[in-house]
Structure formats: C-alpha cells, structure tokens
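Hi,

I am passing a structure on to you, and I hope you enjoy exploring it. Please open it first and then read my notes beside it.

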Amino acid sequence: MDTWEQPGHDVRLEWGAEGVTALGGACAVLVVVDVLSFCTTTDLVAARGGRVLPVRWRDERGVAEARAEGAVVAGEAAWTLRPSSVTDIPSGTLLALPSPNGATLTAAAAATGAHVLAGCLRNASAVAAKALELAAGRPVGVIPAGERWGIDLLGEGKHFGPLRPCVEDQLGAGAIAAALARHGRTLSAEAALAAMAYAGTDLSHALRTCSSGRELTAAGHPGDVELAAQTDVSTTAPTLRGKTLEAE
C-alpha cells in the first residue's frame, strides 16, 4: 500500500493539488473544500437551483470556455465569486465561476475518476451524507484547498507559489470529517486532526480573524465571511455532473 494514501481509514485528508494526487487513486469520492470562497458560493448557487461551471482563470481561456457552455461569467453580471453576490441568483442560471483554487482542484479531482463534491461549512453534513452514498463503502478523501502564495488571477497560470494551509479550509474539512465520523466512519490522523480543530473552534470568530477573513473584511466584504462561517444551514451537496456542479 502507498503510505501517502493513508490506508486503513474510511476518511482521509490531504491538502491541495498534491492531496488530490495522493488520495485520488484510492478514494471513490473526493470532496473539495474552498471555504473562501469557491465552495461557499457554489453551495449558494446550487441551493437556489443554479449550476456552477468551474473555470480556472478569468481570462480569455475562461471566458471562451464559459461561452462554449452557454454560461454567464462571474464578474460580467451582478454575480461574482463573492457568496453575498449570489444569494438571489435565479434558478436555472449556469454561472461560470473562476477560481484558481476550488475550480482547479475540482478539475484535478474529476481527472482521477472519483466522484467530486464541493464542500464547505454551510453544507458539511449534507456533503458527508452524499459522499457516503456515492462511495458505497469505499474511502472518501477530503481535500482542503488552501491558498497559493503569489497567484495572479489574471495571469497565464504558469507560476504558482507554495501552498498556504489556511484556517477556513482546515475548519471546513474538519466539519465534513466530523460529520463522516458521526456516521461511524474511521478517520485518518490527518482527518481526525481537522475534525478536532472544528469541534474546538468558535467558527465565526475564527473566520473573521484569520488572514483570509481579514483580507475580505478589509476589502469591504465582511458579509461574505459571515455567510461562509454559517454551519450546516444548507441541505445541498453540489456534485460534479459532466462539467458542472449542481444539486441532485
């Protein structure tokens, strides 16, 4: 067995694109967790009957991909990557959502052949239940996205900074791991540590005061942080079907 696959456990956790590579061959389901903000926004869109087309970059490549699928590109209308922008999005909207973290990992996870879900704090229990259904007894991998130092959202995508493990994705992944544990599934040490962090944390305070939350608040978007910090308020489990993430 490959040590990096965290064998012997029902629920496994590893960070970022490297985590997808490590766990993708062994897990029937991969749950991407990008709390601020791709997966939170995706949950809000799917809960209102919309669909999300994950797009890696908001540039000519991303726009062309969105146009080919008949999607509205986030940032061109009232809707953006910000969770608060999609709370009233009409049912049936196909929104192309650029994100070098969440969207990139969604594509990477799909390439492994695993079922792919978009998880966050808002839908942790719903995503855990859906993951168990899709896994059918096989392992579930939880992939907190983290951040990448130095990414240029409008750049060519040739250079990536090192991974920055971040508070919000650790807590989101921990909420999902904890929900899976409540279903009697065993957790790897990595997943258990995240679940412990989630259980012992004031989530609203943590998201407001962590680096990513402070960044959004400083930019004038504290409401996005509050939306992302809400836990188990959604019964939606956005699932990748073809190219889009959507509610079942």
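Predicted model: local features only at pLDDT ≥ 70, side-chain atom pairs only at ≥ 80, totals over all residues.

Residues are numbered from 1 along each chain as its sequence is written, and side-chain values use heavy atoms, with hydrogens and water left out.

The largest nonpolar core holds 68 residues, and V29 and V31 have the most contacts inside it. Helix α6 (residues 167-182) gives this core its largest share, eight residues. A second, separate core has seven residues, including V55, A71, L94 and A96. Here a nonpolar core is a set of buried Ala, Val, Leu, Ile, Met, Phe, Trp, Tyr and Cys residues joined through side-chain atoms within 4.5 Å. Buried means under 20% relative accessible area, exposed over 50%, and partly exposed in between (1.4 Å probe, protein chains only). Helices (H or I, at least four residues) and strands (E, at least two) are DSSP runs, numbered from the N terminus.

Leaving aside neighbours within four places in sequence, V29 is in contact (heavy atoms within 4.5 Å) with residues including H115, L134 and P139.

The axes of α9 (residues 211-218) and α10 come within 7 Å and cross at roughly 140°. These axes are lines fitted to C-alpha atoms over the stretch in contact, with angles running from 0 to 180 degrees between N-to-C directions. On the α9 side are G213, L216 and T217, which meet P222, D224 and V225 of α10.

Now some backbone details. Most residues other than glycine have a negative phi, and most peptide bonds are trans. Q6, however, has a positive phi near 55°; this residue is in the segment before β1 (11-13) and is buried, with a relative accessible area of 7%. D232 also has a positive phi, near 55°, but is partly exposed at 34% relative accessibility. You will find D232 in the loop between α10 (222-229) and β10 (239-241). A cis peptide bond, with omega about 15°, joins L36 and S37, and S37 lies in the loop between β2 (29-33) and α2 (38-47).

Which ring does the charged end of R164 sit over? The ring is that of W149, with its centre 5.5 Å away. For this, CZ of Arg or NZ of Lys must be within 6 Å of the ring centre and within 35 degrees of the ring normal.

Happy exploring!
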